[in-house]
Structures are given as structure tokens and as C-alpha cells.
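Hi,

Here is the model I promised to pass on to you. Have a look at it first, and then read on for what turned up.

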Amino acid sequence: MKSISLDITKATQFLKPGTVEDFESKVKEAQDALEKGTCPGNDFLGWLHLPSSITSDFLNDIQACANTLRENCEVLVVAGIGGSYLGARAVIEALNNSFAWLVNDKKNPTILFAGNNIGEDYLAELTDYLKDKKFGVINISKSGTTTETALTFRLLKKQCEEQRGKEEAKKVIVAITDAKKGAARTCADKEGYKSFIIPDNVGGRFSVLTPVGLLPIACAGFSIKELVQGATDMEKATGKDVPYQENIAAQYAAVRNALYSHAGKKIEIVVNYQPKLHFMAEWWKQLYGESEGKEHKGIFPAACDFTTDLHSMGQWIQEGERSIFETVISIEQPQRKTLFPKDEENLDGLNFLEGKRVDEVNKMAELGTRLAHVDGGVPNLRISVPELNEYYIGQLIYFFEIACGISGNLLSVNPFNQPGVEAYKKNMFALLNKPGYEAESKAIQERLANEK
């Protein structure tokens with residue numbers, strides 16, 4: 001079986017010789033701290049050996065629940081925000097037909113995502129769409145009180161019960177939440193919903209290989225066994241005993257931190273040339289942004305879809321401030337084959353491409369862009385993925401997770417908390433006059449009055 005691979009040669013040329021080699025001891029210390037649980041945030045290391053600890057019985061339980069939902073739902077709404085939906089959406093979008101919502105073959109329910117915004121129009125349009133649909137809900141929330149998700153679930157629960165009856169709704173509403181506490185747990189126990197547990201020691205952005213990601217992915221008709229197997233194999237391939245030069249996660253963490261600390265590269269742009277990977281980049285952005293952006297440190301995570309964004313961001317990347325580097329995710333083999341046809345009039349001047357695969361043109365666009373960006377002063381790393389399937393997506397997920405843990409430790413921050421996320425919530429609750437926020441509300445009102 002092949003594996004994803006990493007090419008760092010077009011990035012290390014921007015560093016002094018020996019720089020990456022000098023990171024070896026630091027990387028080993030960072031990885032040892034993860035293994036021994038001596039790093040900051042060590043109570044959230046449950047993801048580290050999660051793939052290899054997943055049992056067949058556990059996967060069979062998730063698959064059985066997925067089968068029930070698939071048999072009883074035309075549409076399935078996944079309610080969650082951040083790590084509670086991005087991982088599942090990344091995998092489903094990567095593996096699905098690009099036009100799945102238009103060409104649904106009725107073998108799988110249409111998967112929709114909600115609870116990730118507070119858009120009134122979005123929720124109104126969603127509930128309108130569901131009015132004549134047999135729909136179910138996967139409610140993903142550890143606390144059950146996250147505003148975006150709780151608001152959405154309240155609406156969907158009521159609508160599902162009204163359309164399908166309370167007893168039928170019990171069969172098609174599933175809770176993924178805390179084992180013992182929280183509003184979502186209380187609701188699930190009271191209503192009798194099937195439920196799965198979010199492990200206490202796995203943070204949201206690392207939770208895609210828990211029921212948080214596995215259940216929606218299974219409902220979409222994809223093999224969670226293959227996904228987990230890919231992650232398990234990558235867990236072995238990036239273990240602490242794997243030699244530094246052969247450990248692609250260690251190399252990725254080292255190079256990106258070397259570019260950050262030694263070459264002034266403060267922004268990492270993850271680039272793909274496969275539109276199906278858009279949400280994989282969104283998942284990656286949360287993973288690295290929430291893990292590293294602390295104490296006024298951290299590489300800013302950005303993403304572009306090429307070649308699309310070459311026609312909007314290409315100029316800035318080529319000639320803008322030289323504070324960036326790129327990590328390109330390249331898919332070696334597409335699932336489908338499309339050849340360029342011949343046109344007798346050749347008005348577009350493209351007959352020189354006659355008989356070539358579209359992917360060959362795409363690959364030359366990728367190579368040409370990488371060369372141009374390197375010439376323009378943009379270091380490039382390249383992650384090569386043999387093809388888009390469950391196994392290699394599982395590899396990619398774990399590769400990014402373990403590299404993120406190592407990288408956060410190299411920065412000397414806690415990669416597993418997100419204290420800054422609470423700041424906006426406190427202000428929002430105070431402005432909405434939530435009970436318990438009276439002092440904050442008064443302070444904000446005074447501040448706003450002074451700013452007028």
C-alpha cells in the first residue's frame with residue numbers, strides 16, 4: 001500500500017544549510033513530551049494513539065447507527081460548529097460527488113451542515129427545505145449550550161417531532177456529547193436518543209476520528225474502517241521511534257517552524273489543485289490556528305483553491321510581502337478520466353491539448369505555479385496523496401494532527417486549549433443580557449456610550 005509523502009526541497013533552499021537538521025533534537029523533545037504526557041495540555045492527548053485503539057466493535061456500533069439513519073432519512077442534518085463539524089465535512093466533501101445534492105442516487109441521505117453560524121436567512125431556508133423531507137439530526141455538542149449549535153438544534157428538534165411524530169423522531173435524532181454532564185446529555189437521556197460519547201481527553205479540532213466525525217462520514221456512505229486504517233498506518237509511520245529524516249510529520253513540523261523562526265515566514269498558505277479539498281483546508285485552518293495562535297505567537301493559517309484563486313490571489317502571492325510560504329496538497333491520480341477534444345475551428349487555440357487528460361493540464365499548472373512562486377521568493381512544501389479515498393484521507397488527517405502537536409510544542413505554547421475563543425462569547429452574552437452577565441453588560445454599555 002502506498003503512503004502520502006512530503007517534499008521539502010523547495011522550502012529548505014530558503015534556509016541556511018543544516019537548519020532543518022538542527023531541529024532534530026527539538027523535534028524529538030517535542031514528540032517525547034507528547035508521548036510522555038509532559039507537555040502543556042497533556043489532559044487532551046487522547047487523539048495521539050486513538051486510531052490504533054479503535055476496535056471493530058466500536059466501528060460496528062457506529063455503522064449500525066448510521067445504517068438506521070440511512071434507512072429512515074432522505075436528509076441528515078449535522079448540527080455542530082468548529083471541530084464538531086469541520087472534520088466530517090472535510091472528509092465527506094473530499095470523497096463525494098461534487099454535485100451530490102443534485103444527483104442523489106437515494107442510496108445515501110443528503111448530508112447538510114448547520115449549527116455553524118447564526119444566519120437567520122440560512123436557518124429559515126434550511127427549515128423551509130426540510131418541510132417535505134424525512135430528515136434526521138446528528139447533534140454534536142459537548143456542552144449542549146454552544147449558541148450556534150443549540151439554537152439550530154432547538155429549531156430542528158421541534159420541526160422533526162412535528163413532521164415525524166415524537167416516537168419516530170427518537171429514531172432519527174442522535175446525540176454526540178459528554179458522557180455524563182451538559183444540556184445535550186440531559187436532553188438525550190430524557191428523550192431516549194441514541195448517543196455517542198465525545199472523549200474528555202480529545203479536543204474538538206482533534207475529534208474527527210471519534211464519533212464526531214465517524215458517524216456523519218458513515219451516514220454519507222463511506223468506509224470508516226478504511227479511514228481509521230489509514231490513520232492507524234500513519235500513526236505507526238510517524239511514531240517517535242521512526243528516524244527523523246524518514247518521519248514526514250517531524251519534517252513538516254521542523255521545516256514550517258524553521259521558516260517561521262529563521263526566515264521570517266509568518267503565514268502558511270495551504271494550496272490544493274483539487275476542488276474537493278476545500279473543506280480539508282478549512283479543517284486544517286482550525287487545527288493549526290486554534291493550536292498555535294497563542295501568546296502572540298504562531299504561523300497564520302490561510303488557504304487557497306488553485307487554479308481558481310490564482311485569478312484572485314495569485315498576484316499577491318507572486319509579488320506581495322515576502323512573509324508567506326505554501327504547503328501544496330497534490331492528488332496524484334484523479335478518480336475520473338476526461339480527455340480534451342479536438343475542435344476543427346480551434347478558435348480558443350487549445351488544439352495543442354487534444355487527447356490530453358484534464359489532470360495533465362492541472363498538474364502542469366501546479367508545477368508551473370510552484371516554480372513561479374519559488375522564483376518569487378515563496379518557499380514551497382508539497383504533500384503528495386496517491387488518490388482521494390478513505391484510506392489516504394485517514395493518513396492525511398493523522399499526519400496533520402501529529403505534526404500539529406509537535407509544532408505547538410516547538411513554539412512552547414499549549415496546543416490543546418483555546419482561551420481566546422471565549423472573549424467574543426462573553427461580550428455576546430453580555431450584549432444579549434444573558435443571566436449572570438450583568439456586570440459585563442454594564443461595562444460594555446458604558447464603553448459603547450463613551451465611544452459615541
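Predicted model: local features only at pLDDT ≥ 70, side-chain atom pairs only at ≥ 80, totals over all residues.

The axes of α5 and α11, the latter spanning residues 211–219, come within 8 Å and cross at roughly 45°. The two helices are therefore oblique to each other, and α5 passes α11 in a right-handed crossing.

Helix α5 (residues 56–72) also packs against α12 (residues 224–237), here at an angle of about 145° and with the axes 10 Å apart. This crossing is right-handed too. On the α5 side the contact is made by Leu59, Asn60, Ile62 and Gln63, which meet Ile224, Lys225 and Val228 of α12. Those residues divide into 4 nonpolar, 2 polar and 1 charged. The spacing has a simple background: an α-helix has 3.6 residues a turn, so residues three or four places apart point the same way.

Now to the sheet. Which strands form it, and in what order? There are 5 of them, arranged as β3-β2-β4-β5-β6 in an open sheet with parallel pairing. The edges are taken by β3 and β6 (194–197), each of which has a single partner strand, so one side of each is left without a neighbour in the sheet. On average, and ignoring direction, neighbouring strands are turned by 20° against each other.

Running parallel to it is β2 (residues 75–79), joined to β4 (residues 135–140) by 5 bridges. Val75 has Phe135 as its bridge partner in β4, and Leu76 stands opposite Gly136. Towards β5, which also runs parallel to β4, there are 4 bridges, with Ile140 of β4 partnered by Ile176 of β5. β4 is mostly covered, as 6 of its 6 residues are buried. Phe135, Val137 and Asn139 point one way from the strand, while Gly136, Ile138 and Ile140 point the other way.

Helix α10 (residues 183–191) touches β4, β5 (173–177) and β6, and its direction makes about 145° with that of β6.

How many residues of helix α6 (residues 86–95) are buried? The count is 9 of the 10, so α6 is largely enclosed by the rest of the structure. The buried ones are Leu86, Gly87, Ala88, Arg89, Ala90, Val91, Ile92, Ala94 and Leu95. Their cover includes β3 (110–114), α11, α12, α14 (278–292) and α17 (390–410).

Glu148 sits in helix α8 (residues 147–164) and is buried, with a relative accessible area of 8%, against a cut-off of under 20% for buried. Leaving out residues up to four places away in sequence, Glu148 touches Ile81, Gly115, Asn117, Ile118 and Tyr424.

Finally, some backbone details to check before you set anything up. Most residues other than glycine have a negative phi, and most peptide bonds are trans. These are the exceptions I would point you to:

- Phe306 and Thr307 are joined by a cis peptide bond, with omega about 10°. Thr307 is in the loop between β8 (300–305) and α15 (314–319).
- His296 is not a glycine, yet its phi is positive at about 60°. This residue is in the loop between α14 and β8, and it is exposed, with a relative accessible area of 87%.
- Asn346 also has a positive phi, near 50°. It lies in the loop between β9 (324–333) and α16 (358–375) and counts as partly exposed at 28% relative accessibility.

Technical notes. Residues numbered from 1 in each chain as written. Heavy atoms only, no water. Axes fitted to C-alpha atoms, helices over the stretch in contact; angles between N-to-C directions. Left-handed = near helix turned anticlockwise from the far one by under 90°. Contact = heavy atoms within 4.5 Å. Nonpolar A, V, L, I, M, F, W, Y, C, P; charged D, E, K, R; others polar. Parallel < 35°, antiparallel > 145°, perpendicular 65-115°, else oblique. Buried < 20%, exposed > 50% of the residue type's maximum accessible area, 1.4 Å probe, protein only. Pairing = 2+ DSSP bridges.
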